[in-house]
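Q: Please take a close look at one part of this model, the aromatic side chains and their partners. Please then relate that part to the rest of the chain.

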Amino acid sequence: MKTYSAKPLEVERKWYLLDAEGQTLGRLAVFAANLLRGKHKPQYTPNVDTGDFVIIINSAKICISGKKETDKIYYHHTGYPGGLKSASFKELMEKDATLALEKAIKGMLPHNTLGQEQFNKLKIYAGSEHPHAAQKPVIYKETEAK
């Protein structure tokens with residue numbers, strides 16, 4: 001019996017729509033990362049991009065638990081000496097409501113060119129409108145993943 005390995009040309013891609021309103025940041029990021037990687041498909045192959053496109057709307061209405069709104073700190077470095085910058089979750093959401101979700105999902109993908117290809121299939125919008133109606137996205141419910 002041979003082991004099946006998916007080929008990049010054989011992969012059929014779907015579009016999924018996730019609504020972030022009232023969802024927890026980490027749990028939504030796990031669902032999105034699994035859809036982007038293709039782990040929900042039987043032909044999943046770790047070294048081939050078998051994932052689907054993911055559209056996330058209402059990212060400005062995402063929830064986090066506890067005191068993370070003020071205590072969770074995001075860091076980045078400018079590349080210059082003394083260039084370490086930090087921002088709390090609340091400050092990051094005021095600046096751009098999609099950044100926290102992008103950082104969470106990107107950290108769950110592989111840190112190589114395959115992960116970059118998978119991340120490019122992610123579309124995040126702060127409001128409830130998105131320009132991808134022509135792709136006919138399927139509304140993905142979190143209960144279907146269990």
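A: Trp15 counts as buried because its relative accessibility is 15%, where buried means under 20% relative accessible area, exposed over 50%, and partly exposed in between (1.4 Å probe, protein chains only). This is a predicted model, in which local features need pLDDT of at least 70 and side-chain atom pairs count only at pLDDT 80 or more, while totals for chains, interfaces and linings use all residues. Residues are numbered from 1 along each chain as its sequence is written, and side-chain values use heavy atoms, with hydrogens and water left out.

Rings of Phe, Tyr and Trp (its six-membered ring) pair if their centres lie within 6.5 Å; planes under 30 degrees apart count as stacked, over 60 as edge-to-face, and the rest as tilted. By this rule there are two aromatic pairs. The rings of Trp15 and Phe53 have centres 4.3 Å apart and planes at 5°, so this pair is stacked. The pair links distant parts of the chain, since Trp15 belongs to strand 1 (residues 15-19) and Phe53 to strand 2, 38 residues apart. Helices (H or I, at least four residues) and strands (E, at least two) are DSSP runs, numbered from the N terminus.

The rings of Tyr16 and Tyr140 have centres 5.4 Å apart and planes at 75°, so this pair is edge-to-face. This pair also links distant parts of the chain: Tyr16 lies in strand 1 and Tyr140 in the segment after strand 6 (138-139), 124 residues apart. Tyr16 and Tyr140 are both buried.

Strand 2 (53-57) also takes part in covering the buried residues of helix 4, as do helix 1 (25-37), strand 3 (73-77), helix 3 (89-95) and strand 5 (122-124). The buried residues in helix 4 (residues 99-106) include Ala100, Leu101 and Ile105. They lie on the same side of helix 4 because they cover an arc of only 125° around the axis, the arc being that of the directions from the helix axis to the C-beta atoms.

The wider setting may now be given. The protein has five helices and six strands, and they follow the pattern β-α-β-α-β-β-α-α-α-β-β along the sequence. Buried residues make up 38% of its 146 residues. Among contacts (heavy atoms within 4.5 Å) between residues at least 6 apart in sequence, 68% join residues at least 24 apart.
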